[in-house]
Amino acid sequence: QVQLVESGGGLVQAGGSLRLSCAASGRTFSKSAMGWFRQAPGKEREFVAAISRSGGTTFYVDSVKGRFTISRDNAKNTVYLQMNSLKPEDTAVYSCAARPTDFVTTYYPRRVEYDYWGQGTQVTVSS
């Protein structure tokens, strides 16, 4: 079992930055690929970014490339999402997810590939 708790959301003006954190409990964090997803009001949950177990492989949805950075600290059981140059369309509830895997360099960009989810943290970007 992996329990995930997100933090770091809030209200920010367009062009600003936020760093989200996702703290994981359990012994499987370092053996899990991780992902960030978001869900805006009235929309389906969408993929934002993913990172492999090792942290050496990352992948982003096109709309955040060059603005968001996913990273992880396996010693702290935490995955991060640094969000810069925020836009109003980034407003959503952001959730992290974990996928235990034997593959060290693989990332997973689809919701159905993840086994554990956090409750989410609200990010609101004002224009």
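User: Where in the chain is Arg53 placed?

Analyst: Arg53 sits in the loop between E5 and strand E6 (58–60), where a strand is a DSSP run of at least two residues, numbered from the N terminus. This is a predicted model, in which local features need pLDDT of at least 70 and side-chain atom pairs count only at pLDDT 80 or more, while totals for chains, interfaces and linings use all residues. Residues are numbered from 1 along each chain as its sequence is written, and side-chain values use heavy atoms, with hydrogens and water left out.

User: What makes Arg53 a buried residue that has no salt bridge?

Analyst: Buried means under 20% relative accessible area, exposed means over 50%, and partly exposed lies in between (1.4 Å probe, protein chains only). A salt bridge needs a side-chain nitrogen of Lys or Arg within 4 Å of a carboxyl oxygen of Asp or Glu. Arg53 is buried, but the nearest side chain of opposite charge, Asp102, is 5.0 Å away, and Arg53 has no salt bridge.

User: Which backbone oxygens lie 3.4 Å and 2.9 Å from a polar atom of the Arg53 side chain?

Analyst: The backbone oxygen of Ser30 lies at 3.4 Å, and the backbone oxygen of Thr101 lies at 2.9 Å. Arg53 is also in contact (heavy atoms within 4.5 Å) with residues beyond its neighbours within four places in sequence, including Arg72, Asn74 and Phe103.

User: Why is the pair of Phe37 and Trp117 called tilted?

Analyst: Rings of Phe, Tyr and Trp (its six-membered ring) pair if their centres lie within 6.5 Å, and planes under 30 degrees apart count as stacked, over 60 as edge-to-face and the rest as tilted. The ring centres of Phe37 and Trp117 are 4.9 Å apart and their planes stand at 55°, so this pair is tilted. Because Phe37 lies in strand E4 and Trp117 in strand E10 (residues 116–117), the pair ties together parts that are 80 residues apart in sequence.

User: Why is the pair of Tyr114 and Trp117 edge-to-face?

Analyst: The rings of Tyr114 and Trp117 have centres 6.1 Å apart and planes at 65°, so the pair counts as edge-to-face. Ring pairs link Phe37, Phe47, Phe59, Tyr107, Tyr114 and Trp117 into a cluster.

User: How do you know whether Phe37, Tyr114 and Trp117 are buried or partly exposed?

Analyst: Phe37 has 0% relative accessibility and therefore counts as buried. Tyr114, with a relative accessible area of 6%, is buried, whereas Trp117, at 27% relative accessibility, counts as partly exposed.

Note on methods. Helices (H or I, at least four residues) and strands (E, at least two) are DSSP runs, numbered from the N terminus. Lys and Arg count as positive and Asp and Glu as negative; His and the chain ends are not counted. A polar contact is a pair of N or O atoms within 3.5 Å; within protein, one must be able to donate a hydrogen and the other to accept it, and residues adjacent in sequence count only if both atoms are side-chain atoms.
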